[in-house]
Amino acid sequence: MAADPLALEFESRVDETLQTSCELARALIGAHQAAMSLIIRGDWSHARKYFSLSDKYASFRDFTMPASGVGLHALVVVENRALRLTQTEVERHPAWRGYAEAAGSHPPLRGLLAVPIVGEDGLNYGLLQLSDKVDGADFEEEDERRLRRLADLAALALDALARVRRLRGGEEVPLLARKSLATFVHIESV
């Protein structure tokens, strides 16, 4: 059976969108590590993961680990809320499981900032997370606000891609009212 070209294009666009979002998150906040997980229909065993690592973590660029749906990152998805922790708070958090089966091969966490990616009707797509702030400081409220905005943009893009896919597949797609993500500024030429 031949692959569905529409499905392949959709998957490619999703991958591009999420990999770019992951890279933007690291640059926007100034972190050495960014990771993004797309949870497929709530099933962690089919999660897709994206990474962006600075040169500091070059030796981990080939690191892979299946998503398990437990620990700190699962907490963000289940509770649909951000998690901002210092290194000490990470290590003391009741949901912290160390690196479990990846101990010794997982990039070390140096603090954690993670936000859910929530789309239309509260659909949780997964999470976007950062670790090891470039300046060595802890993540701050402003970092969290910026990462949330980027996650909102990623969710908006995923919603739009899904709608386009459905439209191109011949489905009727109702228009949904959505809260504005930004305040628009009108700039007049002088």
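These notebook entries record what I looked up in the structure above.

**Basis.** I worked with a predicted model, in which local features need pLDDT of at least 70, side-chain atom pairs count only at pLDDT 80 or more, and totals for chains, interfaces and linings use all residues. Residues are numbered from 1 along each chain as its sequence is written, and side-chain values use heavy atoms, with hydrogens and water left out.

**Whole chain.** I found four helices and five strands in the protein chain; helices (H or I, at least four residues) and strands (E, at least two) are DSSP runs, numbered from the N terminus. Their order from the N terminus is α-β-β-α-β-α-β-β-α. Of the 190 residues, 39% are buried, meaning under 20% relative accessible area with a 1.4 Å probe, protein chains only.

**Helix H4.** I noted that H4 covers residues 141-168 and reaches 40 Å from its first C-alpha to its last, close to the 40 Å expected at 1.5 Å a residue; the expected span is 1.5 Å times one less than the number of residues. Its buried residues include Leu147 and Ala151. The buried residues of H4 pack against helix H1 and strands E1, E3, E4 and E5, where contact means heavy atoms within 4.5 Å. Just after H4, glycine 170 takes a positive phi of about 95 degrees.

**Valine 115.** I located valine 115 in strand E4, residues 112-118. Is valine 115 buried or exposed? Valine 115 is buried, its relative accessible area being 0%. Leaving aside residues up to four places away in sequence, I listed among its contacts Leu147, Arg148 and Ala151. Arginine 84 lies 31 residues from valine 115 in sequence and 8.6 Å from it in space, C-alpha to C-alpha.

Note on methods
Buried means under 20% relative accessible area, exposed over 50%, partly exposed in between (1.4 Å probe, protein chains only).
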